[in-house]
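Student: I would like to go through the terms used for this structure and the values behind them.
Tutor: Ask about each term in turn.

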Amino acid sequence: MLVVRPVRTSDLPAIERMAVASGIGVTSLPNDRDKLFERIQQSATSFEHEAVPDTGREFYMFVLEEHGEVVGTASISASAGFDEPFYSYRSETFVHASRPLKVNNRIHVLNICHDLTGMVQLCGFYADPANGELGSELLSRARLLFIAGQRERFGKRILAEMQGIHDAQGQSPFWNAIGRRFFNMDFIQVEQAFVSHSKTFIAELMPAYPIYVPLLPDEAQNAIGQVHPDFERPFKLLTNEGFEADNYLDIFDGGAVLTADVDRLWTVESSRTYPVEASASLPESATTMLLSNERADNFTAVAARVALVDGVALTTQDVVQALSLANGQPVRVVPLHEAKEKRS
């Protein structure tokens, strides 16, 4: 059975392996043992809050288990950039016009900003490719089931940064065209600096003036708003939820920054709670769906077969036990994305 639960301190070795496997560019899953341990501890504190926290510091880290083995991880930051501004590039159009010359040019520019500071952030996603699409979907959407069940803990808007284009040697055409000119650091070096020193150095060294995109090399222009092949699956999962690549870019590699209204996300809108009931045999109408309990400190989500009959969610005893529920207690249920795709 595939199970998503809060991270534990004992998961640190597995999280370290996944941080290495995630490769370059995933700064929200740093290859740094101390930083990872710090985040695990922060997550444990956040999950322990019974009352609704109001600090904005909350960080919720989840793991995906299969047969007791940790094979994936994903996180939620309750407030992006709580301790400092969350920097990104805002993509805009400037109009340069001259009436005497009858010239009217629309120019694509990038402005560094912190418009997204304070939004809920999905981050730190890694799922073992060998685990299949169901595991990736459960891991990604379990975070949204948690948000739906703990809605008062989170704000109205949400974002997710997508890894941009870079090669196997860690060369990013976007970074080389812009950031490298002000930092004299390779893309890999600046990623490591971010893990150690945060993004405050960006405001100190990056230009505050607009960057005119037509002046950039073609390779850098072509990388703007693109998603690394390794992130195509997470990108699809999020766009199926209703996330959109709006007008924001990652300041390092130019990758797309997706945004959405929390209450308009498909999992949040479509999930429903039902009293759960264990059944020795399920009716033919049973289908595989995502299920979660409504707890904060002992949150659990699974992908399992369930039948909705007369306002009751019928599933097997082992699923009820995995969710730490008893008959009659509420379970949150939502269809897989394929159900949405069939309807549309």
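Tutor: Two strands pair if DSSP finds at least two bridges between them. The model is predicted. In it, V95 has R106 in β5 as its bridge partner.

Student: How do you know that strand β4 and strand β5 pair?
Tutor: The cut-off is at least two bridges. Eleven bridges join β4 (residues 88-98) to β5 (residues 103-113), so the two strands pair, and they run antiparallel. They form a hairpin with four residues between them, and K102 in the turn has a positive phi of about 55°.

Student: What makes β5 and strand β8 a pair?
Tutor: Two bridges link β5 to β8 (residues 211-212) in the antiparallel sense. V109 stands opposite Y212 in β8.

Student: Why is F125 called buried?
Tutor: Buried means under 20% relative accessible area. F125 has 13%, so F125 is buried. This residue is found in strand β6 (residues 120-127).

Student: Which residues is F125 in contact with, leaving aside its neighbours within four places in sequence?
Tutor: Contact requires heavy atoms within 4.5 Å. By that criterion F125 is in contact with T73, A74, S136, L139, S140, R143 and P234.

Student: Why is α3 described as largely enclosed by the rest of the structure?
Tutor: Of the 18 residues of α3, 15 are buried, so the helix is largely enclosed.

Student: Where does α3 bend?
Tutor: At R141, by about 30°. Helix α3 (residues 132-149) reaches 26 Å from its first C-alpha to its last, close to the 26 Å expected at 1.5 Å a residue.

Definitions and conventions
Residues are numbered from 1 along each chain as its sequence is written. This is a predicted model: local features need pLDDT of at least 70, side-chain atom pairs count only at pLDDT 80 or more; totals for chains, interfaces and linings use all residues. Side-chain values use heavy atoms; hydrogens and water are left out. The expected span of a helix is 1.5 Å times one less than its number of residues. The bend at a residue is the angle between axes fitted to the seven residues ending there and the seven starting there. Buried means under 20% relative accessible area, exposed over 50%, partly exposed in between (1.4 Å probe, protein chains only).
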